[in-house]
Amino acid sequence: MKYFIGNWKMFGVPKSISILHKINAYYSRDKKRNKYKVIITPPYTLIESYSRYFKNKRISLGAQNCYHRDYFSSNTAAISPYMLKSVGAKYTLVGHSDNRGEGDTDVMLKEKVKYAIKNNLKVVFCIGENKKDKNNKKTLSVLKRQLTKVLEKKFNKNNIIVAYEPIWSIGTGKIPTSNELRKTTIYIKKILKAIFKKASPAVLYGGSVDGSNAQMFKEIKEIDGFLIGGASKTSKKFIDIIKNYYR
Ligand code: PEP
């Protein structure tokens, strides 16, 4: 199973649901539809209304983040995994570089993963090196640290998807070479197998994925799908990625 996950970031109002209508129409008709899953993570404000509409449809909804506490608390503006589940989210991103940059620590991320799973959300755990790490050839050691500080065997690999998103690639149009990406993905899966003591969870790639580079990624069999930012905000760009990937 491949995953195409659209991360809308700070984008979208109620009428933007028309984008999902078009994606869902394509997805429902596509002969390849059983090979992949489409998940969209709109902002918190839209999860309830969109999930209600797409309840019995193919697209699944998720959140872009969650707070590192369960149930209710006195933290202003915080949204817990319990609250997300109650409005229909099935997934949540955890550890996106935007949120790591805003202060999410490994300790907080571990709590987020724990409470998300407790509330029956699947976690898309994001990791990735910055430009400096890459230039200093620290990519693999940074990724190993990000994975081993947060993920544990008790989390159960079926609840986890890992998204490898090099920070220097997000929103820049720059992507790793296919050799680099294959090597890195194999390494991530090796670390995950050691953590979970069995087969690795799915590992996605994220960073400037669009219709024109989707086919290049297809050569890398180890990649189980994509986390897509910019190109998920229009139905055409998002559908082009799926079309070109399966061409
Ligand atoms: C992202 O922010 O998760 C992302 C992958 O963005 P983009 O596709 O725009 O690089």
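## Overall build

The protein has ten helices and eight strands. The model is a predicted one. Along the principal axes, its C-alpha atoms occupy a box of roughly 50 × 45 × 30 Å.

A compact globule of 247 residues would have a radius of gyration near 18 Å, and the protein agrees with this because its own value is 17 Å.

## Burial, contacts and surface

Of the 247 residues in the protein, 53% are buried. Here, a buried residue is one with under 20% relative accessible area. The protein exposes about 11,900 Å², and 52% of this area is supplied by carbon and sulfur atoms.

Contacts can also be sorted by how far apart the partners lie in the sequence. Among contacts between residues at least 6 apart in sequence, 71% join residues that are at least 24 apart.

## The cavity

Rolling a probe the size of a water molecule over the atoms shows where empty space is left. How many cavities of 30 Å³ or more does the structure hold? There is one cavity of that size, and the largest cavity contains about 40 Å³ of space.

The residues that line the largest cavity are G95, H96, S97, R100, C126, I127, G128, E165 and I167. By type, the lining of the largest cavity has three nonpolar, four polar and two charged residues.

## The largest pocket

The volume of the largest pocket is about 370 Å³. It is lined by 17 residues, of which K9, M10, Q64, N65 and N99 are the closest to its centre.

Which types of residue make up the lining of the largest pocket? Six are nonpolar, seven are polar and four are charged.

## The second largest pocket

The second largest pocket holds about 280 Å³ of space. Its lining has 13 residues, and the closest to the centre are K134, T139, E180, K183 and T184. The lining of the second largest pocket divides into five nonpolar, two polar and six charged residues.

Which helix gives the most to the lining of the second largest pocket? The answer is α8, with four residues. Both α7 (139-150) and α8 (178-196) supply at least two residues of this lining.

Terms used:
Residues are numbered from 1 along each chain as its sequence is written. This is a predicted model: local features need pLDDT of at least 70, side-chain atom pairs count only at pLDDT 80 or more; totals for chains, interfaces and linings use all residues. Side-chain values use heavy atoms; hydrogens and water are left out. On a 1 Å grid over the protein atoms alone, a cavity is a set of points where a 1.4 Å probe fits but cannot get out, and a pocket is an open set with protein on both sides within 12 Å along at least five of seven lines; lining residues have an atom within 4 Å of a point. Grid points are joined across faces, edges and corners, and a volume is the space filled by probe spheres set on the points. Ala, Val, Leu, Ile, Met, Phe, Trp, Tyr, Cys and Pro count as nonpolar, Asp, Glu, Lys and Arg as charged, and the others, Gly among them, as polar. The radius of gyration is taken over C-alpha atoms; the globule rule is 2.2 Å times the number of residues to the power 0.38. Buried means under 20% relative accessible area, exposed over 50%, partly exposed in between (1.4 Å probe, protein chains only). Contact means heavy atoms within 4.5 Å. Accessible areas come from the Shrake-Rupley method with a 1.4 Å probe; for residues, only the protein chains shown count as cover.
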